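I opened a notebook to record what I looked up in this structure. The entries follow the order in which I took the topics.

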Amino acid sequence: MRKEFFIIYTFVFGAMLLDLVACNKPAKIILPLTHSWEKAIPHQEIPAGLTSLSAKACGVCHQQHYNEWKLSTHAHAWTDLQFQAELKKESSPFMCINCHIPLQNQQPFIIEGLVDGDIYQPVKNSNPHFDKDLQQEGITCASCHVRNGSIIGPTGMTTGPHQSIKDTVFLSEQLCISCHNANAVITPTLACTFETGDEWKAGPYFGKKNCISCHMESVNREIVPGYGKRLSHLHFFAGSGIPKFDTVETKMLNGFAFYPSALKRSYHILDSILFTLKLKNEFAGHKVPTGDPERFFNISFTLKNEAGTVLSAKTDRIGETWEWYPEAKKLADNNVAPNEERTFIFSYRAEKKENLTLSVIVTKHRLNKESADYNKLKENYPLFITVFDKTFETEVK
Ligand code: HEC
Ligand code: HEC
Ligand code: HEC
Ligand code: HEC
Ligand code: HEC
C-alpha cells in the first residue's frame with residue numbers, strides 16, 4: 001500500500017468508523033436545571049430612579065440598614081474564607097454559589113443546563129452582565145428586595161426616588177426558608193442538610209413567631225433621614241454571633257438559658273462532689289445549633305485543687321456527628337429542640353480535704369479545628385465563641 005493511499009484510506013475509514021461510533025453512542029443530552037438551588041435569580045435591571053443594585057448605593061439613603069447589614073453574615077456569604085476554601089474543591093458543584101451569591105448579576109457564568117443531568121458538567125456561557133463588585137456583597141439588599149427590575153417592599157410606594165411593589169408574602173419567612181432549608185443528597189459524599197425551616201414548622205413557635213420576628217427585630221424609625229418614622233426592622237440578621245472575620249462584630253442571639261446548680265460541698269472525705277448545669281433552648285425557634293451540620297457546642301468542666309492541679313475534667317458535646325466517606329451519613333444528632341432541657345452532670349470523689357474550684361465553660365463552635373486545618377484556615381479565623389464561663393468554689397469544712 002502506497003503511503004499516500006494509506007493516509008487517505010485511514011482518514012476515510014477512520015472518519016466512517018468515528019461516524020459509526022457516533023451513531024451507536026447516543027449524543028450527549030443537555031438537561032434543564034430542576035431544583036430551585038440549581039438556579040440563580042434571573043438577571044435584574046437596575047430599578048428606575050436608582051443608579052446601581054449595590055448595597056453601598058442603597059446605603060447612601062438607607063444608612064442604618066446598610067450599616068447593620070454590613071455586620072451580618074449575609075454580607076460575608078461570598079468573602080467568608082471557609083466558603084472560598086470549600087468552593088475551590090473539585091467536589092463542590094456549580095450550584096454552591098446559588099444561595100451565597102444568589103443573583104445572576106453576581107455570577108460570571110450563566111448555566112444553561114447539565115450534560116446528561118450531571119451536576120459536575122454544567123453547560124456554561126459567560127455572563128455579559130457579570131458585576132464583580134456586587135459579587136463581593138454576597139447576600140445583598142437586591143437578593144431580597146429586587147425582582148423583575150423593581151424594589152419589593154412591605155408597603156408599596158408610587159412616589160419618591162424609587163417605586164416599590166408591595167409583596168408581604170414574598171418578604172416573609174418563605175424568603176428565609178428558600179435558602180435555610182435544603183435537604184438533598186447530591187452525590188454519595190455530598191449532602192445538603194439545612195433543616196431550620198422544617199425544625200421551626202415542627203416546633204412551638206410556628207404560627208406565633210417566625211424567622212423575621214426573631215432575627216429582624218421591629219423598631220419605629222426613619223428608614224431614610226427626613227422621611228419620618230415608620231415601622232422598620234433591624235438588618236443585623238443576628239444569629240450565632242460567631243464572627244466571620246475577627247475584625248467584624250456580628251450581632252448575637254442566645255438560644256440557651258443556663259441554670260447552674262451550686263457546687264454541692266462535701267463535708268466528709270470521700271464524699272462525692274456534685275454539680276449540674278441545666279440548659280434549656282428557651283429562645284430559638286428551631287434546634288440549637290441549627291443549619292450547618294458542622295456546628296456544635298462544648299460543655300466543659302475542669303476541677304482544680306488549691307495548688308491549681310487538675311483533678312478531673314470532662315467535655316460534653318451538643319451537635320451532629322457525620323461520616324462523610326465513603327457515603328455521607330448522619331451518625332448522631334443531639335441538637336436541642338425548642339423548649340427542650342438538657343442536664344449535664346459533673347461528679348468527683350474527693351480524696352483530700354481541700355478547697356476545690358470547678359470551672360464550667362460553654363463554647364459555641366462554627367467548625368472544629370481539624371476541619372479548619374483541612375481547609376487551611378488561618379489562625380485568626382474565628383472558630384468559636386464563649387457563651388457561659390463561671391467558676392464555682394467549694395470549701396471543705
Ligand atoms: C436616593 C435615595 C434612595 C436610594 C439610593 C434607595 N432608596 Fe429605598 N427608599 C428611599 C425612600 C425616600 C424611601 C421611602 C421612605 C419613607 O417613605 O419612609 C425608600 C423606601 C424603600 C423601601 C420600602 C418600600 C416599601 O414598600 O415600603 C425599600 C424596601 C427600599 N427603599 C429598598 C431600597 C434598596 C434595596 C435600594 C438599593 C437597591 C434602595 N432602596 C435605594 C430612598 C432611596
Ligand atoms: C439567598 C439565600 C438566603 C436568604 C434568602 C436568607 N439567607 Fe440567611 N443566610 C444565608 C447564608 C448562605 C448564610 C451563611 C453565610 C455564611 O456563613 O457565610 C446565612 C446566614 C444567616 C444567619 C446567621 C447565621 C450565623 O452564623 O449566625 C441568620 C441569622 C440568617 N441567615 C437569617 C435569615 C433570615 C431571617 C432570612 C429571611 C429574612 C434569611 N436569612 C434569608 C442564605 C440566605
Ligand atoms: C423564637 C425565635 C426564633 C425563631 C422563630 C427563629 N429563630 Fe433562628 N435563632 C434564634 C436564636 C435565639 C438563635 C441563636 C441560637 C444559638 O446559637 O444560641 C438563632 C440562630 C439561628 C441561626 C444560626 C445558627 C445557629 O445554630 O446559631 C440561623 C441560621 C437561624 N437562626 C435561622 C432562622 C430561620 C431561617 C428561621 C425561620 C425558619 C428562624 N431562625 C427562626 C431565634 C429564632
Ligand atoms: C435576607 C433578606 C434581606 C436582605 C439581605 C435585606 N433585607 Fe431589607 N427587608 C427584608 C425583609 C424580610 C423586610 C420586611 C420585614 C417585614 O416587613 O416584615 C425588609 C425591609 C426593608 C425595608 C423597609 C423598612 C423596614 O426596615 O422594615 C427597607 C428600607 C429595607 N429592607 C432595606 C434594605 C437594604 C438597604 C438592604 C441592604 C443594605 C436590605 N434591606 C437587605 C429582608 C432583607
Ligand atoms: C440551599 C441554599 C444553599 C446552598 C445550595 C449552599 N449553601 Fe452554604 N449555606 C447556606 C446557609 C443557609 C448557610 C448558613 C447555615 C447556618 O448558619 O445555619 C450556609 C453556610 C455555609 C458555610 C458556612 C458554614 C458555617 O458554619 O458558618 C459554608 C462554608 C458553606 N455554606 C459552603 C457551601 C458549599 C461548599 C456549598 C456547595 C456544596 C453550599 N454552601 C451550598 C445555604 C446554602
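**Entry 1: the iron of ligand 3**

I began with the iron atom of ligand 3, where six donor atoms subtend angles of 88 to 179°, which makes the arrangement octahedral. Donors here are N, O and S atoms within 2.8 Å of the metal (3.2 Å for Na, K and Ca); water is not among the atoms, so sites may look incomplete. Six donors count as octahedral if opposite donors are over 155 degrees apart and all others between 65 and 115.

Which residues coordinate the iron atom of ligand 3? I found His215 (NE2) and His286 (NE2), at 2.0 Å. The pair links distant parts of the chain, 71 residues apart: His215 is in helix α9, and His286 is in the loop between β12 (272-281) and β13 (296-304). Helices (H or I, at least four residues) and strands (E, at least two) are DSSP runs, numbered from the N terminus.

I then looked up accessibility. His215 is partly exposed, with a relative accessible area of 28%, while His286, at 15%, counts as buried. Buried means under 20% relative accessible area, exposed over 50%, and partly exposed in between (1.4 Å probe, protein chains only).

**Entry 2: what I am reading**

I noted that the model is predicted, that local features need pLDDT of at least 70 and side-chain atom pairs pLDDT 80 or more, and that totals for chains, interfaces and linings use all residues. Residues are numbered from 1 along each chain as its sequence is written, chains are lettered from A and ligands numbered from 1 in the order in which they are written, and side-chain values use heavy atoms, with hydrogens and water left out.

**Entry 3: ligand 1**

I turned to the iron atom of ligand 1. Its protein donors are His62 (NE2) and His162 (NE2), lying 2.0 Å from it. The six donor atoms subtend angles of 87 to 178°, which makes this arrangement octahedral. His62 lies in the loop between α2 and α3 (63-71) and His162 in the loop between β5 and β6 (164-166), so the pair ties together parts that are 100 residues apart in sequence.

Is His62 buried or partly exposed? I read a relative accessible area of 22% for His62, so it is partly exposed. His162 counts as buried, at 12% relative accessibility.

Around ligand 1 I found 21 residues, of which Cys58, Cys61, His62, Thr155 and His162 come nearest. A residue belongs to such a shell if one of its heavy atoms lies within 4 Å of the molecule. The shell divides into 13 nonpolar, seven polar and one charged residue. Ala, Val, Leu, Ile, Met, Phe, Trp, Tyr, Cys and Pro count as nonpolar, Asp, Glu, Lys and Arg as charged, and the others, Gly among them, as polar.

I listed polar contacts next (for a ligand, a pair of N or O atoms within 3.5 Å). An oxygen atom of ligand 1 is 2.4 Å from an N or O atom in the side chain of Thr155. For Pro154, a polar backbone atom is 3.4 Å from an oxygen atom of the ligand. The elements that give two or more residues to this shell are α2 (55-61), α6 (141-145) and β5 (150-153).

**Entry 4: ligand 2**

The iron atom of ligand 2 is coordinated by His74 (NE2) and His180 (NE2), at 2.1 Å. This site is octahedral, with angles of 87 to 179° among its six donor atoms. His74 is in the loop between α3 and α4 (81-87) and His180 in helix α7, 106 residues apart. I noted His180 as partly exposed, at 40% relative accessibility.

I found 23 residues around ligand 2, the closest being His74, Cys176, Cys179, His180 and Ser240. By class they are 11 nonpolar, nine polar and three charged. Which element gives the largest share of this shell? That is α7, with four residues.

A backbone N or O atom of Ser240 lies 2.6 Å from one oxygen atom, and an N or O atom in the side chain of Lys244 is 2.8 Å from an oxygen atom.

**Entry 5: strands**

I finished with strand β16 (residues 341-349). β16 pairs with β12 in the antiparallel sense over nine bridges; strands pair if DSSP finds at least two bridges between them. The bridge partner of Thr276 in β16 is Ile345.

Definitions and conventions:
Polar contact = N/O pair within 3.5 Å; in protein donor to acceptor, adjacent residues only side chain to side chain. Tetrahedral: all angles 85-135°; square planar, octahedral: opposite > 155°, others 65-115°.
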